[in-house]
There are 2 protein chains.
Amino acid sequence: MTQENLFEQIKIKQSFLCVGLDIDLEKIPPHLRKLDDPIFSFAKEIIDATSAYAVAYKPNLAFFETYGLLGWNAFDKITTYLNKYYPNHFIIADAKRGDIGNTATRYAKAFFETYDVDAVTVAPYMGKDAVEPFLAFDNKYAILLTLTSNSGASDFQFTESEGDKLYERILRTSRSWTGAEQLMYVVGATKATALTAIRKIIPNAFLLVPGVGAQGGNLEAVAKAGLNEQCGLLVNSSRGIIYRAQNENFADAAKNEAKKLQEEMALYLTQKGIL
Amino acid sequence: MTQENLFEQIKIKQSFLCVGLDIDLEKIPPHLRKLDDPIFSFAKEIIDATSAYAVAYKPNLAFFETYGLLGWNAFDKITTYLNKYYPNHFIIADAKRGDIGNTATRYAKAFFETYDVDAVTVAPYMGKDAVEPFLAFDNKYAILLTLTSNSGASDFQFTESEGDKLYERILRTSRSWTGAEQLMYVVGATKATALTAIRKIIPNAFLLVPGVGAQGGNLEAVAKAGLNEQCGLLVNSSRGIIYRAQNENFADAAKNEAKKLQEEMALYLTQKGIL
């Protein structure tokens, strides 16, 4: 999917919501656990219920990997299902991969070819040649970890050198990489105050903002500081949507929460003059 | 496996060699490609041929992920095979994972419980709460990316702040984390000159050193600067061993190369007074 198509979908759905698929077998409704493939069954119902209000889905690879082959098989079925029935939804493999050149190419092929997702989250620590291989695929995107929403973010991400914090240095440096126009950035919603400064460094890039909801981020603050003329935001909610109810009404509960977020997003898109 | 057991094995085998399993279907001998599971078949022959000269095996997850379920199934079979037939070999999942708390726990469970490996390589960018979950498992280890052997390492790893380069800051900071005694560190062999300084900061920790051979690192320089009283080194060679020959003699060729490295390592262990 191109970024132009993504922006089109944002305008059509009046939403920049990404639904995070952090699927934990201990948290899904008990009646699903008896099925042959509870992970896929849960994901399918969540996707069907929320697709009208979301423009993106973000399976979190850690949750799939935990279950070994069962999990990878479910991930495969979910990406196949999304590509077949929801080709206009942007698929993000939240994998936070990062390795040197020839190995990075392997990861990129795994996600962009084997599973045909649109974007992969990538760690910046190993630098340019760990990221550029992800940017060599047409209309595929690397979403670079920049400023994360966890407490450990303060350990290294704010380290200052020559007037730049490390995450600012990563933003600036990454703009010179080959394929930089296919870079997006992860910026935690709990760091909304930093968004204004980040927008000055990268006015046009899409930002993936996790942490709204369960992690305490504020959607209004994120939208005010982060929206640009082409929206430029994908705001993710995982637990706040998918585990809204733990009974047979879980999909309806997820739908209602997604709809609520979408309506709030429509307001901010209107205020920004995009709708 | 405890670090004491690992050191025992190093003394028994007179080796601190780790064989990297970067298994690429395009590089394995053609006669294996016709088999039902060429990845596992190749790995099994390499392991059987090199086990007398190596103390550790390091499957590189990117190579397995590329092949989807086929690859994960092979990874599962390889770790099962190693645990069953070579319980004294240290297994490192070279996965370079890194994510926030509850997600990191998922990755740790995947590797330490589902696949029962001894160690996982972990990215430092997200800080303490992305790493500590890996340190909560008895006799399991997180190997933190510190100074890598690729060219992109210079993008951020050497960034100076308050007199410390970023990788030095990571070393120092990580020592205060809960479970720090289960931390090991990745230091590229192409950065052997930095090893002396690194040993001053972390005199006792094990270092995983990739990059000897194909990437141009020098074993003698690494050993001189990196060995401590409990060895403290695992030096990895992947392509230089496993793709030594592409015909039916590939396992013998791998064995000869592993033996050559082991003999050189025995010399450095003797010079250090360990043997």
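Let's start with one pair of residues: B:Leu17 stands opposite B:Val235 in strand E10 of chain B. What you're looking at is a predicted model, where local features need pLDDT of at least 70, side-chain atom pairs count only at pLDDT 80 or more, and totals for chains, interfaces and linings use all residues. Residues are numbered from 1 along each chain as its sequence is written, while chains are lettered from A and ligands numbered from 1 in the order in which they are written.

B:Leu17 belongs to E1(B), and E1(B) pairs with E10(B) (residues 233-237) in the parallel sense over three bridges. Strands here are DSSP runs of E with at least two residues, helices are runs of H or I with at least four, and both are numbered from the N terminus. Two strands pair if DSSP finds at least two bridges between them. E1(B) is also joined to E2(B) by four bridges, again running parallel, and there B:Cys18 stands opposite B:Ala56.

How many residues of E1(B) are buried? Five of the five are, so the strand is largely enclosed by the rest of the structure. Buried means that 20 or more other C-beta atoms, placed from the backbone, lie within 10 Å of a residue's own. Both faces are covered, with B:Leu17, B:Val19 and B:Leu21 on one side and B:Cys18 and B:Gly20 on the other.

Now follow the chain onwards. E1(B), H2(B) and E2(B) make a right-handed β-α-β unit: with the strands pointing away from you, the path from the first strand over the helix to the second runs clockwise. H2(B) covers residues 38-50 and reaches 18 Å from its first C-alpha to its last, close to the 18 Å expected, which is 1.5 Å times one less than its number of residues. Its buried residues include B:Phe40, B:Ile46 and B:Ile47. Among the elements covering them are E1(B), E2(B) and helix H12 (250-271) of chain B.

Over to chain A, which has twelve helices and ten strands. Of its 275 residues, 57% are buried.

Finally, see where the chains meet: the contact takes 45 residues from chain A and 46 residues from chain B. Two residues are in contact if their C-beta atoms, placed from the backbone, lie within 7 Å. On the side of chain A that touches chain B, helices H3 (61-66), H4 (68-85) and H5 (101-114) are among the elements giving two or more residues. H5(A) gives the most, with seven residues.

Definitions and conventions: Buried ≥ 20, exposed ≤ 12 C-beta atoms within 10 Å, placed from the backbone.
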